[in-house]
Amino acid sequence: MENKKKDDNNSRRNFLKLGLLAGAGTVATGALIATGKNTGESGEKIKVLTTSGEVMEVDKNFLTLAPVGRVESHEGIPGRKFVMVIDLAKCKNARKCVEECQKGHNLPKDQEFMKVYLMQDSEKTAPYWFPKPCYHCDNPQCVSVCPVGATYKRSDGIVLIDNERCIGCKFCMTGCPYSTRVFSWKAEEAYESDQPYSPEKSVPGVEGTVSKCDFCPDLAREGKLPYCASACPMGVIYFGDIDEDVVTNGTETFKFSELIRDRSGYKYLDNLGTRPNVYYLPPVDRQFPFERGLDGLDEEVTKRFENTPYVKNLKNKETL
Amino acid sequence: MSDTASSNILLREFAPQIERTGTLGKLWITFLIGVVLLGFFALYWQVSRGHIVTGMRDNVVWGVYIVNFIFFMGISYAGALISGALHLFHAEWRKPIIRMAEFITIISLLIGPGFIMMCIGRLDRLPNLILFGRIQSPITWDVIAISTDIFGCILFLYLALLRDLAKLRDFDELKVPNWKKKMYKILAIGYTGTPEQQLRLKKSTDIMAGMVIAIAIIVYSVLAWIFSVTLQPGWHSTIFGPYFVIAAVYSGTGVLIVAMYFFRKVYHLEEHITLKHFVNIGVIMLVLAAFFGYFTFSEYLTKWYGSEKNDEQLIAILFKDYYSLFILSNYIGVLVPLIVVGFKKLRTINNITIAAFIVIIALWLNRYLIVVPTLESPYLPIQESRDAWAHYSATWVEWSLTAGGVALFCLLFTLASKMIPIVQVSDLKEEPKEAGDIYLR
């Protein structure tokens, strides 16, 4: 799809500007594709123009935005600068963000773009749950060290990976101080997907390459929140635009600057000079007791926290 | 005695090495080929099944492949710095061992980069390094530096070989297959030893000796920067460049001494390679041991004394999980050469060789301890239920490839010694064997 002529690109953009939609017959220009996967008709018809110049009506449910191609994915969504705010006071380790992200990105069960850590900054301080996506840094180490430009920073602040260029040297994984990146060690069945590859979707995964949280720019283009933000039952994750100064978790919307000011927002390990675009609100006035996050977890997940000082302490108390 | 006559005597002495291979030699070569094939099988296994067959996982993304890469690039220093520096200082005693040093350089330079390729997830996309190369990435620096180094070192070795190739071409008594004779003739590119040719050769060799030293320092610093430009607590260090350079030459001397020992035994070079050579290279090794110990000490002392949270975590792992390896690599690996070479009574060929062998092992471990524990102690705590993802341990695939690499090194070294005398014939003259240029009397 990236081999398209520039003229094609331009004419397509003009199409979109005019509010017209390219037709189901214009798969080659990539704006819309008829998936035929959606069940049922919405009843809402959309007029589309086919390559042969005919106007035809197609049901809305049969159309989805085609994923952005590899070359276009370098550019970023015009006029945007994405930011995420994570409210630690509300997180109770429900792990819906992790699961929905895995589903959305067609990830195998043992690969997580979003991770939830049990954090305790020092012995006597309070523990808290710490969801960690990619920080989409403004000074990204991963981008600096990549020898082939397979990972890149876009105008809208998003750091993406082109899995069809990545050579799998894993230098970015050692460069990232936040352990954000994951490697596709094995070709997994879960990667398989009938959609064409797009760096904006990170789907389908490619064996022997690196992938990570992508801030879901494909959803942003449709005006939707990332999978993690819309999945969170507590509304922990806010997503928005730093230039428009607005963030939302789907139910509440805040002025970003006011939220950060009133709630003492901060960036994790900002001292490393990476300039992250993910902000945290400290876990004060919590909505849930911390321990609640340990309930009802899969055995595998519970095991992850076994060696943390907090859980070890808990066990010691029990045995006494 | 004329020059030709004296070198003909020497050629007669060295000819059997090139002319035939004994049963033991053949067994040795077969064994090495077997191990190399095992390595190739492991490579096939890894390529067909994916990197899941290695011990590397999302936390420890680099394992023994990178360690081997650093290690082989390190020993390539034996030739570059040792032969280059000794050439420039006109150390006459270097002559019988310089060829070995240069062979070590070339062979390890060819094997080293192979290991980094095994670490790459998509070998099929290797051309991307050239097609889409970004000069901002230290890996690109490495690609440029290593290819320059290989080219420079091959040139340096070739210049040194030229006179011997001409001698072999002109030596009629040599009983070798015709293809070998043809090879000598082509490679000697018409060198006959006219005064003009000699002068040109000397000039070029002098220039290349200086060049290979400079290039080798750059290559090894760039390699160190791959680690130190990242923010990882164990790697983000300003002394990594010089530290790696010193460690590299140090391991290079170790390999050179072991090579000297075996070639002396197998090819009966007792007359040419004497205790003097072991002691002299041993002294260089001793000086480097001191430097290496000093760098290691400064590196860990500052981390431990300052005990910044993440440094403290790394030191804790090093002294808990990796305690015995740490002692072996950074204590024993420094102290043994200091003691063995430092005390005259201990300074025997066998002892120095054992010390050199310990140095080789210690330096490999030193790199392992730089790479793996750092990746096991990232800024964010590792919270993993799968033990293999939290702690690295190499699998049979990685060990087979490592063994294959070592075997390939020995194999190429053996084969090279079957093509060209392992001692620079044209440089040796019949001279009193116990010349006075021994270090540390």
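Which helix of chain B does Phe240(B) lie in? Select the residue and you'll land in helix 10 of chain B; helices here are DSSP runs of H or I with at least four residues, strands are runs of E with at least two, and both are numbered from the N terminus.

Before going further, two notes on what you're looking at. This is a predicted model, where local features need pLDDT of at least 70 and side-chain atom pairs count only at pLDDT 80 or more, while totals for chains, interfaces and linings use all residues. Residues are numbered from 1 along each chain as its sequence is written, with chains lettered from A and ligands numbered from 1 in the order in which they are written.

**Stop 1: around Phe240(B)**

Stay on Phe240(B). This residue is buried, with 22 other C-beta atoms within 10 Å. The cut-offs: buried takes 20 or more other C-beta atoms within 10 Å of the residue's own, exposed takes 12 or fewer, and partly exposed is in between, with C-beta atoms placed from the backbone.

**Stop 2**

Select residues 240–266 of chain B. Helix 10 has 27 residues and reaches 38 Å from its first C-alpha to its last, close to the 39 Å expected at 1.5 Å a residue (the expected span is 1.5 Å times one less than the number of residues). Of those 27 residues, 20 are buried, so helix 10 of chain B is largely enclosed by the rest of the structure.

Next, bring up residues 349–375 of chain B, which form helix 14. The axes of helix 10 and helix 14 of chain B come within 8 Å and cross at roughly 140 degrees. That makes helix 10 of chain B oblique to helix 14 of chain B. For the wording, angles under 35 degrees count as roughly parallel, over 145 as roughly antiparallel, 65 to 115 as roughly perpendicular and the rest as oblique. Axes are lines fitted to C-alpha atoms, for helices over the stretch in contact, and angles run from 0 to 180 degrees between N-to-C directions. Helix 10 of chain B passes helix 14 of chain B in a left-handed crossing, meaning that the near helix is turned anticlockwise from the far one by less than a right angle (clockwise would be right-handed).

**Stop 3**

Follow the chain on to His268(B), in the loop between helix 10 and helix 11 (275–306) of chain B. Is His268(B) buried or exposed? It's exposed, with 12 other C-beta atoms within 10 Å. Check the backbone too: His268(B) has a positive phi of about 50 degrees although it is not a glycine.

In helix 11 of chain B, pick out Gly293(B). With 19 C-beta neighbours inside 10 Å, Gly293(B) counts as partly exposed.

**Stop 3: helices 7 and 9**

Colour residues 138–170 (helix 7) and 195–228 (helix 9) of chain B; their axes come within 8 Å and cross at roughly 155 degrees. That makes helix 7 of chain B roughly antiparallel to helix 9 of chain B. The crossing of this pair is left-handed. Residues of the contact divide into 24 nonpolar, four polar and two charged, where Ala, Val, Leu, Ile, Met, Phe, Trp, Tyr, Cys and Pro count as nonpolar, Asp, Glu, Lys and Arg as charged, and the others, Gly among them, as polar.

**Stop 4: over to chain A**

Which bond joins Val203(A) and Pro204(A)? A cis peptide bond, with omega about -10 degrees. Pro204(A) is in the loop between strand 10 (182–183) and strand 11 (210–211) of chain A.

Then go to His136(A), in the loop between strand 7 (128–132) and helix 3 (141–145) of chain A. His136(A) is not a glycine, yet its phi is positive, about 45 degrees. His136(A) is buried, with 25 other C-beta atoms within 10 Å.

**Zoom out**

Finish with chain B as a whole: 16 helices and zero strands. Its C-alpha trace spans about 75 × 50 × 45 Å along the principal axes, and 46% of its 441 residues count as buried.
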